[in-house]
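Kindly read its points alongside the coordinates.

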Number of protein chains: 2
Amino acid sequence: MSDKTIPYKIYLEENEMPRQWYNVRADMKNKPAPLLNPKTHQPMKAEELEAVFCKELVKQELDDTTAYIDIPEEIRNFYKMYRPSPLVRAYCLEEKLKTPAKIYYKFEGNNTSGSHKLNSAIAQAYYAKQQGLKGVTTETGAGQWGTALSMACSYFGLDCKVYMVKVSYEQKPFRREVMRTYGASVTPSPSETTEVGKRILQAHPGTTGSLGCAISEAVETATSSEGYRYVLGSVLNQVLLHQSIIGLETKTALDKYGITPDIIIGCAGGGSNLGGLISPFMGEKLRGEKDYHFIAVEPASCPSLTRGTYAYDFCDTGMVCPLSKMYTLGSGFIPSANHAGGLRYHGMSSVLSQLYDDGLMEARSVIQTDVFEAAEQFARVEGILPAPESSHAIRVAIDEAMKCKETGEEKTIVFGLTGTGYFDMLAYEKFHNGEMSDYVPTDEDLKQGFDGLPKIG
Amino acid sequence: MSDKTIPYKIYLEENEMPRQWYNVRADMKNKPAPLLNPKTHQPMKAEELEAVFCKELVKQELDDTTAYIDIPEEIRNFYKMYRPSPLVRAYCLEEKLKTPAKIYYKFEGNNTSGSHKLNSAIAQAYYAKQQGLKGVTTETGAGQWGTALSMACSYFGLDCKVYMVKVSYEQKPFRREVMRTYGASVTPSPSETTEVGKRILQAHPGTTGSLGCAISEAVETATSSEGYRYVLGSVLNQVLLHQSIIGLETKTALDKYGITPDIIIGCAGGGSNLGGLISPFMGEKLRGEKDYHFIAVEPASCPSLTRGTYAYDFCDTGMVCPLSKMYTLGSGFIPSANHAGGLRYHGMSSVLSQLYDDGLMEARSVIQTDVFEAAEQFARVEGILPAPESSHAIRVAIDEAMKCKETGEEKTIVFGLTGTGYFDMLAYEKFHNGEMSDYVPTDEDLKQGFDGLPKIG
């Protein structure tokens, strides 16, 4: 093993933890396009958004000029329960691959939600509490966000109603019990509990659901219940803002040891982890201070950046949410039920979409058997059982490290290991039994989604 | 919240990590009684033990005079992948309980095995590899030890055969997949693959198994296969030696901040965690340097210390293993299948048994609904979803903190949080649904176990 002056795990001290989130929009020349009212197609005003979201979060959502925003003390105290997260030097993986590359990963899985989602959940629950709300509603896919929000709500004594994508609800009954342990109620989506749920069930009987459906139901429940607001675990600007803590800690840890990464890799579903991880580095790139090669990795079965179109679209299947300009497969797109790798959202954060459209980062899609192969390889040498979502980033990190082996380059690779796979063992089992297929949508499949895009202006 | 000069989590630096294990037997005036040959009732010789166990581990098993034993570099490197584990100040729990007590817990769950078991698994796999073995066999109950050993064997390229207690095998199919991810084979026990398994199945058709049965099967397989040895995750002296890393790290972290604990609490099944956690503190007590109040917590449904007898007994149900002098319920004792809280072993480490018999520590038993209530309370404020096993210690830590609230004493309480409960959601579900019962064996139940004890001398 190589330069052991760098420890296996770099932990920051508590007093080195960030006291402010970083808002990458402040440094973007081309700002992400504003959310539009789905009826009038005019930019959403704060008052309109406040019917759905908490007041302070709306402010954060619309603020594209303030670079640093204070993290309230209550949130910083909660962060201290599970943060700082370690930046790990993957010595064992490097040795296994026999690569000259230096590989680091920021591991966000060491908390009960099992992922980075808690970083934004606690912030959103805090602002809901500050506003005097009774509770919040949300959707969850794999269940990481729902678990994170349940934990955050339990901490602040808020009610928490979770709509869980039906396929995950059925495949992950234990996730439901974790959320119940934290006092949340969990409903499989689409459900009969909302008008939009009934409509979707009528149009697509037997559907296994999608994040887009679950969002519609959660929004309807929030807006029709006194004292409730809707919160979302990804896609939104506010979420990327909260998740910037990942990138800020990563950067502080790297700086401490004088390390400059060449390549920064993150998996991308709605963009919360990738956006959070790369934010401060992207800021340097936008300000012309440094250059980095950013890679967004998405599943070939839900390829919003690599095969989507950059257009205004609904954030949800039920078309009740505002329109967002983003790389999208169309809000009607539902990934194949064969797809076990997570990252099932039809669109992508408008911040990341704009950065991608401006040529500031690369995107790659990978098939899921390749992803699980990388996951298993990683687990065996690094000890951590990764979530399928996170394993998309592992796949590309290994690919890049193997390129270095060919060229002899000693590149420094950093990737985001967003979470653990303890609740994904059904997917691992499929993989072990050779029952996992690699669905890739045809152009015809995608055309249907694109045909459903709203016509703007 | 009180004195915030102590961080939420105390992490040691890599160079502060222990380089030697501590062998508490060296400081014991009354040494634990030797293992006896089950046929001759004479102390087991090294050669005899080496038919079952790895050579170097036999040496560690029999060494009751060397206080400090070097940790080989390969093991220290593996430890660096997931250690040092944090010593956490439970500020949020203290605030919730409104207790003047100061509560700390050493959290061993931040690795994929989900528990402290990895500390000994990697050591045992290392010595097996050094000896040039093909593989090892073992038993596992809740699955934490099996997972840990699978991870360790995968790291060193050893084959790993796991006998898993049938009730756990059925309730925790995902545990099996984690072990498969690491390349292990897993057989539900009792099984038809061994003579002893067949015998037990014949005598007790429909049995849900026990650790004692699974041990018998694993030992038979090891001794009847070329190039295999048997390894055990608890009870043995060598295991307590390896687990002393928990206590050593805890002590270093406390010393760094000038903290002296009053009470040290650990859950106790076979004794691996409790023994590891208390070892260096017990050493101080044995040498007359300091005094501490140690509390072993066990389930009321499997009360080996609180209601067992101190006698020579078989370590396994099949009576193929050496005899160990310990607090025991009898090797035929099988806890009720209602019992979901783990810690199902019929006996207790002979080191801990001797210390308990010498009045050097207290033992308490708790019923499982009280344990799950404490688990849920802890999860909601401290964020971590604890394993049922670990929650036994949480229960008593909370009880002691509440006593401090009554008396106004500002005691410092340290407990071992051995692992996470991600694979225990069926038990949590039972608890949530009010379907969990509190089985406590009658004196008549226990008498049956005692009647089966071997007659020695």
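1. A cavity is a set of points, on a 1 Å grid over the protein atoms alone, where a 1.4 Å probe fits but cannot get out; its lining residues have an atom within 4 Å of a point. Volume is the space filled by probe spheres set on the points, which are joined across faces, edges and corners.

2. This is a predicted model, in which local features need pLDDT of at least 70 and side-chain atom pairs pLDDT 80 or more, whereas totals for chains, interfaces and linings use all residues. Residues are numbered from 1 along each chain, chains are lettered from A in the order written, and side-chain values use heavy atoms, without hydrogens and water.

3. The second largest cavity holds about 420 Å³. Its lining comprises 28 residues, those closest to the centre being A:K117, A:L211, A:S234, A:G270 and A:L343. The largest share, three residues, comes from α12(A), helices being DSSP runs of H or I with at least four residues.

4. Chain A superposes on chain B by a rotation of 180 degrees with 0.0 Å of shift along the axis (RMSD 0.0 Å), fitted by least squares on C-alpha atoms of residues with pLDDT of at least 70 in both copies. This is the relation of a two-fold axis. In chain A, the C-alpha of A:N110 comes closest to that axis, at 3.0 Å.

Notes: 1 Å grid on protein atoms, 1.4 Å probe; cavity = no way out; pocket = protein on both sides within 12 Å on 5 of 7 lines; lining within 4 Å. Helix = DSSP H or I, 4+ residues; strand = E, 2+ residues; numbered from the N terminus.
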